[in-house]
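Dear colleague,

Please find below the structure that I am handing over to you. My notes on its features follow directly after it.

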Amino acid sequence: MGLAGNIRVWVLLIFVIFQSSCYGFYLPGSYPHKYAVGDLLSVKVNSITSIDTEMPFSYYSLPFCKPKEGVKDSAENLGELLMGDRIENSPYRFKMYTNESDIFLCKTDPLSKDNFDLLKKRIDEMYQVNLILDNLPAIRYTKKDGYVLRWTGYPVGVKYQDAYYVFNHLKFKVLVHKYEDANVARVMGTGDAAEVIPTKADDDVPGYMVVGFEVIPCSVMHNADAVKKLTMFDKYPNPIKCDSNIVSMPIKEGQPIVFTYEVNFDLSDIKWPSRWDAYLKMEGSKVHWFSILNSLMVITFLAGIVLVIFLRTVRRDLTRYEELDKEAQAQMNEELSGWKLVVGDVFRAPNNAGLLCIMVGDGVQILGMAVVTILFAALGFMSPASRGTLITGMLFFYMILGVAAGYVAVRLWRTIGCGNLKGWISIAWKAACFFPGIAFLILTTLNFLLWGSHSTGAIPFSLFVILLLLWFCISVPLTLFGGYLGAKSSHIEYPVRTNQIPREIPAQKYPSWLLVLGAGTLPFGTLFIELFFIMSSIWMGRVYYVFGFLLIVLILLVVVCAEVSLVLTYMHLCVEDWKWWWKSFFASGSVAIYIFLYSINYLVFDLRNLSGLVSATLYLGYSLFMVLAIMLATGTVGFLSSFWFVHYLFSSVKLD
């Protein structure tokens with residue numbers, strides 16, 4: 001078969017893969033589930049959570065009703081386990097499109113002192129119960145000052161006038177959309193054929209899809225003696241009136257709690273692809289655009305400075321230098337000033353060159369992971385409907401990009417050593433262990449705190465073993481393989497020779513590191529508005545979904561980091577400071593300092609309710625982990641752009 005035949009085969013294969021992928025999944029999330037009238041709908045429970053402590057706990061750690069068949073874990077992915085999600089079955093059962101009221105669930109055992117104190121503690125700490133139906137979290141609407149507020153989940157209870165009340169009656173509202181096979185294209189919002197959605201054979205039977213799940217919690221005074229003979233799902237003897245503005249069920253030590261519920265089904269115009277819109281209402285989109293415009297202004301300002309450096313200063317100097325004859329050049333060499341004087345020292349190996357190579361390699365790995373993950377999330381592959389996929393995706397891309405970390409670290413090491421291969425295995429090994437090692441140390445310390453608090457946020461020992469296996473069996477070998485490729489690649493040749501004796505750096509009016517640390521304010525200026533939304537998502541229990549905006553902000557951040565570092569490097573060379581290697585890294589990497597200070601500010605002013613030393617330690621520990629990753633990623637951008645600039649600048653200088 002000729003070349004043309006091979007090309008045709010590949011084109012056909014790609015077309016088939018593309019077609020099958022189009023019919024194979026729907027973005028975002030999974031395909032809709034068709035339920036017939038009377039089909040059983042099972043409600044699941046997730047960990048109870050609070051923005052007051054940031055420590056999730058199991059739903060069944062509190063004295064709630066348990067299902068008849070016993071508590072069973074749902075299938076969980078790696079991301080869900082790392083996020084502290086524990087999805088389990090619940091006793092709540094619905095029948096599709098069948099309204100039910102006054103359903104008795106269970107009567108608990110009399111509250112022991114421990115359970116009574118635990119319930120009071122969880123109510124004080126504002127814990128929320130999280131329910132899930134057909135992959136949709138329960139949503140609760142409240143009105144405040146004329147505004148409708150949306151919350152996921154409902155409170156365990158409330159404290160009122162020194163008494164604690166538990167929400168023991170739930171009023172569910174399930175929104176359904178009629179499933180019509182002939183109208184699949186309209187339901188899906190696409191023009192694809194009907195076979196996109198798997199359907200049952202009995203297409204004549206009317207079916208419905210779940211498109212909304214709302215809950216109203218109530219505190220109702222029940223008569224414990226009246227339900228002695230009742231079993232789960234029996235009819236409660238008296239009509240139950242649910243008023244969310246009145247609390248009636250105080251908890252008392254030694255007394256049981258009776259739980260009941262009701263459910264109503266409503267037909268809705270909401271189509272299945274739009275059912276997450278209630279959770280992902282884009283509030284503050286103008287703020288996001290303002291953030292992007294603000295970043296663009298900073299970029300334009302810096303780009304102007306860079307343009308002046310390149311076109312006016314550098315180009316002018318080089319043109320003058322090239323137009324002179326050798327005699328005039330020799331005379332001019334005696335009158336040189338600024339960056340031209342450090343031509344024999346600019347590529348002198350920096351202090352701790354190995355550490356710089358390792359940090360740049362890890363920075364490439366982290367930055368690559370961030371870009372690829374956010375790109376996939378912006379395309380809808382990692383929507384909130386697929387719990388844990390974001391964290392799982394980040395881990396997967398991080399491990400795969402170990403090849404890039406090893407390659408960059410070793411090739412930079414060889415370049416600094418002028419092609420010397422000695423020690424490249426050590427550099428690749430350290431690149432594989434530097435950032436993961438620090439992260440492992442931080443997260444293990446925090447995990448001991450979570451273990452001590454019996455939180456579901458604690459990583460189980462079995463998962464620790466899995467993470468270690470992923471690190472040493474996948475990430476480390478890939479990084480070493482990347483290092484091998486870097487060792488085989490040719491190193492970057494320096495355009496000028498380095499003198500044996502280093503040139504003395506003139507005394508500066510101001511410490512150069514002060515300028516380097518101050519440079520981080522510009523990248524921070526492009527990021528801090530979006531940072532608020534990210535922090536709110538992580539710590540306030542809000543769903544982060546504007547990955548398109550985040551991708552734009554990330555690209556702008558990379559551009560600003562490159563420009564800031566480039567300008568700072570040029571300024572240092574102009575004052576005959578040839579020690580630019582580490583300064584170019586921290587010129588943009590210093591943005592991490594301002595992000596950490598912002599994190600402390602967010603803790604003090606936005607997380608005022610965060611209680612306890614353990615909660616504050618967890619917050620600061622996770623913030624430190626995030627800041628370290630940001631420093632490596634942004635510092636790498638700054639260093640690589642400066643390295644390219646310095647190489648380009650001095651490769652244009654002709655020397656005898």
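In this predicted model, helix 12 (residues 512–519) has Ser512, Val516 and Ala519 as its buried residues. Buried here means under 20% relative accessible area, exposed means over 50%, and partly exposed lies in between (1.4 Å probe, protein chains only). Helices (H or I, at least four residues) and strands (E, at least two) are DSSP runs, numbered from the N terminus. Seen down the axis of helix 12, the buried residues fall within an arc of 60°, so they line one face of the helix; the arc is taken from the directions from the helix axis to the C-beta atoms. Among the elements that cover these residues are helix 13 (521–539), helix 14 (547–574) and helix 15 (581–589).

Residues are numbered from 1 along each chain as its sequence is written, and side-chain values use heavy atoms, with hydrogens and water left out. Because the model is predicted, local features need pLDDT of at least 70 and side-chain atom pairs count only at pLDDT 80 or more, whereas totals for chains, interfaces and linings use all residues.

Helix 15 also packs against helix 7 (residues 353–378): their axes come within 11 Å and cross at roughly 35°. The axes are lines fitted to C-alpha atoms, for helices over the stretch in contact, and angles run from 0 to 180 degrees between N-to-C directions. Leu355, Leu356, Met359 and Val360 of helix 7 make the contact with Trp581, Trp582 and Phe585 of helix 15, contact being heavy atoms within 4.5 Å.

The largest nonpolar core has 92 residues, and Leu573, Ile595, Phe639 and Phe650 have the most contacts inside it. Such a core is a set of buried Ala, Val, Leu, Ile, Met, Phe, Trp, Tyr and Cys residues joined through side-chain atoms within 4.5 Å. Helix 14 supplies the largest share of this core, 17 residues. Apart from it lies another core, of 57 residues, which includes Leu111, Ile123, Phe213 and Trp276. Leaving aside neighbours within four places in sequence, Ile595 touches Phe524, Leu527, Leu531, Met626, Val627 and Ile630.

Val342 sits in the loop between helix 6 (326–334) and helix 7 and is buried, with a relative accessible area of 0%. With neighbours within four places again left aside, Val342 is in contact with Arg503, Leu573, Glu576, Trp578 and Phe650. Val342 and Glu504 are 162 residues apart in sequence, and their C-alpha atoms are 9.7 Å apart in space.

There are 8 salt bridges, counted where a side-chain nitrogen of Lys or Arg is within 4 Å of a carboxyl oxygen of Asp or Glu. One of them joins Glu69 and Arg93 at 2.5 Å, N to O. Glu69 lies in the loop between strand 2 (40–45) and helix 2 (78–83), and Arg93 in strand 3 (residues 88–95), so the pair ties together parts that are 24 residues apart in sequence. Glu69 is partly exposed, at 42% relative accessible area, while Arg93 is buried, at 16%.

Lys583 and Asp577 form another salt bridge, with their closest N and O atoms 2.5 Å apart. Lys583 is buried, at 10% relative accessible area, and Asp577 is buried too, at 3%. Between Lys228 and Asp225 the closest N and O atoms are 3.8 Å apart; Lys228 is exposed, at 58%, and Asp225 is exposed, at 56%.

With kind regards
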